[in-house]
Amino acid sequence: MPEKCTLPLPEPCSCYAPCLFCWQQVEGIWGTGSMRNTESESWRNWDWRFHPNLLVIGRLHFPQLALRRRLGQLSCMSRPALKLRSWPLTVLYYLLPFGALRPLSRVGWRPVSRVALYKSVPTRLLSRAWGRLNQVELPHWLRRPVYSLYIWTFGVNMKEAAVEDLHHYRNLSEFFRRKLKPQARPVCGLHSVISPSDGRILNFGQVKNCEVEQVKGVTYSLESFLGPRTYMEDLPLPPASSCDSFRNQLVTQEGNELYHCVIYLAPGDYHCFHSPTDWTVSHRRHFPGSLMSVNPGMARWIKELFCHNERVVLTGDWKHGFFSLTAVGATNVGSIRIYFDQDLHTNSPRYSKGSYNDFSFVTHANKEGVPMRKGEHLGEFNLGSTIVLIFEAPKDFNFRLKAGQKIRFGEALGSL
C-alpha cells in the first residue's frame with residue numbers, strides 16, 4: 001500500500017485571494033503536476049487530517065476564510081460592479097440591530113459610508129416615476145380619502161385654498177400646486193424684501209468668505225452654487241480667480257454687502273413661489289444634478305447639498321444692485337417651473353455632471369430683461385423644496401427673522 005503524503009498543510013490564507021487556501025501558496029508547495037490530477041496516487045492517498053491552526057479560541061476559521069474568498073472576488077471587480085455587489089451588504093450593515101455584521105470588519109470589509117450609500121440611490125429616476133404617478137387621474141370616489149390622508153399627515157390648511165372642494169383636484173399634481181385665496185397672503189408693502197414662499201427659515205445673514213451656510217455650521221461655496229459669471233458680456237472684471245474677485249463681480253456698488261436667506265418648503269406648505277421684491281430678471285442658469293432630500297436633517301448631513309442638487313438660478317438687478325433667486329430641487333421635486341420661461345425643462349433622463357445651461361432674457365428687442373413686481377407669481381414646485389436668496393444691499397440692511405421660524409409668503413424678510 002503506498003505511503004500517505006505527509007506534505008504540510010499551508011497556513012490559513014491571510015490575503016483576499018478568491019480561494020480558501022490561496023492557490024499561489026499551494027502551487028508553490030505542490031507544483032502544477034500530478035498533485036492536482038484526481039487520478040494521481042498521491043492525490044487520492046492524501047491524508048485529509050484536521051489542521052489545529054484552523055481553531056482560534058474554539059471557533060473555526062472556515063466562515064472568515066469563506067468571507068475572505070468573497071471579498072477577494074469583490075476586489076477583482078470593476079468599480080461599478082463592486083458598488084453593486086457591496087451595496088446590499090452595506091444596507092444590512094446599517095439596518096440590522098446590535099452590530100450583527102460588525103465582525104465583517106475583522107476580515108477586511110468596510111461598509112460604504114452613509115452619505116455615499118444615500119448618493120447611490122437613483123433619486124432622479126424615483127422623482128420621474130413619482131411625477132408620472134402624480135399625473136394619474138384619480139377616480140372621483142378616491143380623491144377625498146387620498147387627499148384627506150395627505151392633509152392629515154402634513155397639516156395642510158385647506159381653508160386657505162382657492163378651491164376647498166377636494167373632488168375638484170383630478171390628480172395629486174393639481175392638489176400640490178393648488179392656488180390660495182387672494183386675501184390669504186397679504187403682501188407687506190413696508191419692507192423692501194418679503195418672503196417669496198411659505199416655509200421655514202434655515203439660515204440667513206451676511207455672506208462671508210464667499211461661503212454660504214445651508215444650515216448652522218455647514219457651508220457651501222458661493223461660486224459653486226451660482227456658477228461662474230461668464231455670461232456677462234459687459235462685465236468689466238476678469239473671470240474670478242479667487243474668492244474676493246468673484247465677490248467683486250457680484251457687488252456692483254461700493255459700500256454694499258452680500259446677503260443670503262434660505263427658506264425650506266415642507267411637503268405641506270404652499271408650493272408656489274413669488275417675487276420677493278421689485279427687480280428685473282436678466283438671466284437663467286439651470287444646473288442638472290441630483291435630487292436628494294433638502295430637509296434640515298439632510299442639510300446637516302451632506303456638505304454642499306445645494307450644490308449637488310438640481311437647481312434653477314435666476315439673476316438680475318434691483319435698486320441696490322445684484323439680486324438672485326434660486327429654486328433648488330429635491331427628491332420627488334424634479335419639476336421646477338418658471339412661469340415666464342417656457343424653454344426650461346428640469347429632471348431630464350440624461351445630463352452631464354457639473355454641466356449647466358444658460359439662457360438670457362436680454363435680447364435686442366428687450367434690453368432690460370423680465371421685470372417682476374413684489375409678490376408677483378414667479379414659479380412653482382411639485383412638492384416641498386428650498387428657495388435661496390442671494391442679493392446685494394447696503395450695510396445697514398437688517399433681517400427681521402429668527403433661525404428656524406415659520407414664515408409665510410408676503411411676510412417681511414428685511415429692510416433698510
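Analyst: Two strands are taken to pair when DSSP finds at least two bridges between them; strands (E, at least two residues) and helices (H or I, at least four) are DSSP runs, numbered from the N terminus. The model is predicted, so local features need pLDDT of at least 70 and side-chain atom pairs count only at pLDDT 80 or more, while totals for chains, interfaces and linings use all residues. Residues are numbered from 1 along each chain as its sequence is written, and side-chain values use heavy atoms, with hydrogens and water left out.

User: How many bridges join β17 to β19, and in which direction do these strands run?

Analyst: Strands of a sheet pair through backbone hydrogen bonds, in parallel or antiparallel fashion. Here β17 and β19 (residues 412-415) run antiparallel and are joined by two bridges. Within this pairing, Asn398 is placed opposite Ser415 of β19.

User: In what order do the strands of the open sheet stand, and which strands are at the edges?

Analyst: The open sheet has three strands in the order β3-β19-β17, with antiparallel pairing. The edges are formed by β3 and β17 (398-399); each has a single partner strand, so one side of each lacks a neighbour in the sheet.

User: Which residues does the UniProt annotation "active site" cover?

Analyst: UniProt positions follow the numbering used here, feature names are shortened, and annotations may be inferred rather than shown by experiment. The "active site" annotation, from an unreviewed UniProt entry, covers Asp198, His274 and Ser385. These residues are spread over 188 residues of sequence, yet they cluster in space, with a largest C-alpha distance of 14.2 Å. UniProt also lists Ser385, again in an unreviewed entry, for "modified residue: Pyruvic acid (Ser)". In the model, Ser385 belongs to the loop between β15 (377-381) and β16 (386-394).

User: Is Ser385 buried or exposed?

Analyst: Buried means under 20% relative accessible area, exposed over 50%, and partly exposed in between (1.4 Å probe, protein chains only). Ser385 counts as buried because its relative accessibility is 0%. Asp198 is likewise buried, at a relative accessible area of 5%.

User: Where does Asp198 lie, and with which residues is Asp198 in contact?

Analyst: Asp198 is found in the loop between β3 (193-194) and β4 (199-206). A contact requires heavy atoms within 4.5 Å. Neighbours within four places in sequence aside, the contacts of Asp198 include Arg185, Tyr264, Asp269 and Arg408.

User: Which salt bridges tie Glu380 to other residues?

Analyst: Side chains of opposite charge can pair when their charged atoms come close. The criterion for a salt bridge is a side-chain nitrogen of Lys or Arg within 4 Å of a carboxyl oxygen of Asp or Glu, and the whole structure has 14. Glu380 meets Arg177 in one of them (3.5 Å, N to O). Because Arg177 lies in the loop between α8 and β3 whereas Glu380 is in strand β15, this pair ties together parts that are 203 residues apart in sequence. Glu380 also forms a salt bridge with Lys179 (3.9 Å, N to O). That pair again links distant parts of the chain, 201 residues apart, with Lys179 in the loop between α8 and β3. Glu380 is buried at 5% relative accessible area, whereas Arg177 is partly exposed at 23% and Lys179 is partly exposed at 36%. Elsewhere, salt bridges with shared partners join Glu160, Arg185, Asp198, Arg408 and Glu411 into one network.

User: Which residues of the largest nonpolar core touch the most other members?

Analyst: A nonpolar core is a set of buried Ala, Val, Leu, Ile, Met, Phe, Trp, Tyr and Cys residues joined through side-chain atoms within 4.5 Å. The largest one here has 32 residues, and those touching the most other members are Cys261, Phe273, Trp279, Ile387, Leu389, Phe391 and Leu413. Elements giving two or more residues to this core include β7 (256-264), β9 (279-287), β10 (311-318) and β16. The largest share, four residues, is supplied by β16. A separate core of 30 residues lies apart from it, with Tyr118, Phe225, Val294 and Val313 among its members. As for Phe391, its contacts beyond four places in sequence include Leu258, Trp318, Phe322 and Phe399.
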